[in-house]
Amino acid sequence: MSTQTAHAACLLEVSGLHKSFQAPSGSISVLEGVDLELPEGEFLAVIGESGSGKSTLLHVLGTLEPTDAGRAVLAGLSLFDMGSKQTARVRNRNIGFIYQAHHLIPELDAIENVMMPLLVRGETRADAMARAEQLLIRLGLADRLRHRPGRMSGGEAQRVAVARALVGKPRLILADEPTGNLDEHTATEVFEAMQQLCREEGTAVIMVTHSIRFARKSDRVLRLHEGKLEAFSL
Ligand SMILES: Nc1ncnc2c1ncn2[C@@H]1O[C@H](COP(=O)(O)OP(=O)(O)OP(=O)(O)O)[C@@H](O)[C@H]1O
Ligand SMILES: [Mg+2]
């Protein structure tokens, strides 16, 4: 058997990532040479102490924060070498974000929130609405399609956020403690829905979590420690 058939193709290749912040007390070095190879469709959990740089890592990989040094290649595209317009386009088409708080737009209802990434990329309202509705129904929200975030439970709003991240069929989901604000039962529901949908679509996930339970249900666990990602077994 050749090694090519034994391993899934690499979706994201990160090497030598460095990131520091300037603070009044001096420079804080957070990422100090992060390396990562993420195969297509892998569900990866990243754990690490509070302040170890997990959110910073997702922001840098999501092209929301500039890096000081290093390289990240996503599906053949060198993420940090593009102009701002192309970066925004690549982000819209290839990366979905899920945060600890849902970050939905309060004035928009569930369908409208989920349609947003598709409208940004120029799809018609009719197509965007059909896709959003289908995904929300799939996530068990058929009775909440026209609810605004203020009129949803935390778990419902977070499922809408999952739908918004997945509606554009990105190659990669970056999830920062996506169930961190939810009770255990609701967290399990949201986690399982997210994991199942990503598996069906072949979407790779980097999920930052403090939950050992969810880390165990992931394909692989890495720990961010002293500015680097290292193997970790639970
Ligand atoms: N914009 C910023 N300016 C200065 N320092 C920052 C900034 N953002 C983060 N930091 C510092 O970088 C370090 C890493 O922060 P980060 O938010 O990535 O940690 P984390 O691993 O996500 O922690 P948690 O588990 O608590 O969410 C922290 O020491 C933090 O204070
Ligand atoms: Mg964080």
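Author: The questions and answers below go through parts of this predicted model.

Reader: Which helix gives the most residues to the shell around ligand 1?

Author: The residues around ligand 1 include F21, A23, I28, V30, G48, K54, S55 and T56. At least two residues of the shell come from each of β1 (10–23), β2 (26–39) and α2 (54–61). The element that gives the most, with three residues, is α2.

Reader: How many charged residues does the shell around ligand 1 have?

Author: The shell around ligand 1 also includes S50, G51, S52 and G53. By class, four residues of the shell are nonpolar and seven are polar. The number of charged residues in the shell is one.

Reader: Do β1 and β2 run parallel or antiparallel?

Author: A hairpin of two residues joins β1 to β2. Across the pair, L12 stands opposite L38 in β2, and V14 stands opposite L36 in β2. Eleven bridges join the two strands, and their direction is antiparallel.

Reader: Which strands are the edge strands of the open sheet?

Author: The open sheet has four strands in the order β2-β1-β4-β5, with antiparallel pairing. An edge strand here pairs on one side only, and that applies to β2 and β5 (77–78).

Reader: How far does helix α7 reach from its first C-alpha to its last?

Author: Helix α7 covers residues 184–201, which is 18 residues. At 1.5 Å a residue, the expected span is 26 Å. The reach in the model is close to that value, at 26 Å.

Reader: Why do the buried residues of α7 lie on the same side of the helix?

Author: The buried residues of α7 are A187, V190, F191, M194 and C198. They lie on the same side of α7 because the arc they cover around the axis is only 100 degrees.

Reader: Which exposed residues does the face of α7 turned away from its buried side carry?

Author: On the buried side, the cover over α7 includes β3 (43–47), α6 (154–166), β7 (172–176), β8 (204–208) and α8 (212–216). The face turned away from that buried side carries the exposed residues H185, E192, Q196 and E200.

Reader: Which residue with a positive phi follows α4?

Author: Helix α4 covers residues 110–120, and its buried residues are A110, I111, N113, V114, M115, P117 and L118. Their cover includes α3, α5 (125–138) and α6. The residue that follows α4 has a phi near 90 degrees, and it is G122.

Reader: What is the phi of G202, which follows α7?

Author: G202 comes after helix α7. Its phi is positive, near 70 degrees.

Reader: Why does N94 count as partly exposed?

Author: N94 is placed in helix α3 (residues 84–94). A residue is buried if 20 or more other C-beta atoms lie within 10 Å of its own, and exposed if 12 or fewer do. N94 has 19 C-beta neighbours inside 10 Å, so this residue counts as partly exposed.

Reader: How far apart in space are N94 and R171, C-alpha to C-alpha?

Author: Not counting residues up to four places away in sequence, N94 touches L74, A75, P170, R171 and L172. In sequence, N94 and R171 are 77 residues apart. In space, C-alpha to C-alpha, they are apart by 5.1 Å.

Terms used:
Residues are numbered from 1 along each chain as its sequence is written. Chains are lettered from A and ligands numbered from 1 in the order in which they are written. This is a predicted model: local features need pLDDT of at least 70, side-chain atom pairs count only at pLDDT 80 or more; totals for chains, interfaces and linings use all residues. A residue is near a molecule or strand if its C-beta atom, placed from the backbone, lies within 6 Å of it. Ala, Val, Leu, Ile, Met, Phe, Trp, Tyr, Cys and Pro count as nonpolar, Asp, Glu, Lys and Arg as charged, and the others, Gly among them, as polar. The expected span of a helix is 1.5 Å times one less than its number of residues. The arc is that of the directions from the helix axis to the C-beta atoms. Two residues are in contact if their C-beta atoms, placed from the backbone, lie within 7 Å. Two strands pair if DSSP finds at least two bridges between them.
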